[in-house]
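Work through the exercises below with the sequence and the model side by side. Try each task yourself before reading its solution.

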Amino acid sequence: MLTQTTTRVLEPSDLGAALAILESEPVANAFVTSRVQVAGLDPWRLGGEMWGWYADGRLRSLCYAGANLVPICAGPEAVRAFADRARRAGRRCSSIVGPVEPTALLWRLLEPGWGPAREVRANQPLMVTESPSADIAPDPLVRRIRKDETDILMPACVAMFTEEVGISPLAGDGGLLYQARVAELIGAGRSFARIDDGKVVFKAEIGAATTQACQIQGVWVAPEHRGKGLSETGMAAVLRYALADVAPIVSLYVNDYNAPARKAYRRVGFRETGTFMSVLF
């Protein structure tokens, strides 16, 4: 018997079914879940469309199509359907990101029309913890950033983004969207840093956040302070805030070639539980 499948843009009335899929994998889906919980499925508020793949009338898989293209709980058949839709729509995203298997297949299907990519990061370990290590004492000087400290934090944010992604976040619109995101995280109490003599020494943010899981991002140590263990003590401090105030599970993903960071995160209490992949345009 043939399975009947279809793909369509989800509507606000599909919210409950979409959240059921998103919340089935709370760590891997934290980024998209956090957006949907706040904005619903209205494309204007969500910042993109949510595509749904149906099999025999039941919603089985999702794909977020905004600034990022993100396959969610998607097997090969769903990925192929999402690739067909993305190919017809044309590339509007700046990256494809998600669990490695569906993301790799999605990229293989889209690369002939969308390639070449600026960079493919095919192995990004997903790391998770529910409790901090007792071996690393949190840096007592790492704290939440106040709104009036945005100008102090911003150069560090720009330096981190440029170093990590390879392009400046100030390109294009002059950084308006990026500055708005930084301000949003500060306002939400999810931006942390150690500031010595008016300069940021260490910083990190809790980006995606749901009641089930949250994700640390933007970890950065000023170049002149690297090699002193500040990434470990700083991360221990941010992890303490995250577990106490945000969610019971904390995650992050890191490039496989960044051995020092992976070692530092393991010492703080993280363990590798899966693999993400990112395609950057």
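**Exercise 1.** In what order do the twelve strands lie in the open sheet, and which kind of pairing do they show?

Solution. This is a predicted model, in which local features need pLDDT of at least 70 and side-chain atom pairs count only at pLDDT 80 or more, while totals for chains, interfaces and linings use all residues. Residues are numbered from 1 along each chain as its sequence is written, and side-chain values use heavy atoms, with hydrogens and water left out. Begin with the terms: helices (H or I, at least four residues) and strands (E, at least two) are DSSP runs numbered from the N terminus, and two strands pair if DSSP finds at least two bridges between them. The order of the open sheet is then 1-2-3-4-5-12-6-11-10-9-8-7, with mixed pairing. Strand 1 (5-9) and strand 7 (143-144) are its edge strands, each pairing on one side only.

**Exercise 2.** Follow strand 9 through its pairings with strand 8 and strand 10, and decide how far strand 9 is enclosed.

Solution. First, strand 8 and strand 9 pair in the antiparallel sense over six bridges, and Ile195 stands opposite Val200 in strand 9. These two strands form a hairpin with two residues between them, where Asp197 in the turn has a positive phi of about 50 degrees. Next, strand 9 and strand 10 are antiparallel partners over five bridges, joined by a hairpin through four residues, and Ala209 stands opposite Cys214 in strand 10. Finally, nine of the eleven residues of strand 9 are buried, so strand 9 is largely enclosed by the rest of the structure; here buried means under 20% relative accessible area and exposed over 50%, with partly exposed in between (1.4 Å probe, protein chains only).

**Exercise 3.** Which residues of helix 8 are buried, and which on the other side are exposed?

Solution. Helix 8 (residues 176-187) has twelve residues, and its buried residues are Tyr178, Val182, Leu185 and Ile186. Seen down the axis of helix 8, these fall within an arc of 105 degrees, so they line one face of the helix; the arc is that of the directions from the helix axis to the C-beta atoms. On the other side, Leu176 and Leu177 are exposed. To finish, look for what covers the buried residues, which includes helix 6 (150-165), strand 8 (191-196), strand 9 (199-209) and strand 10, where contact means heavy atoms within 4.5 Å.

Terms used:
Expected span 1.5 Å × (residues − 1).
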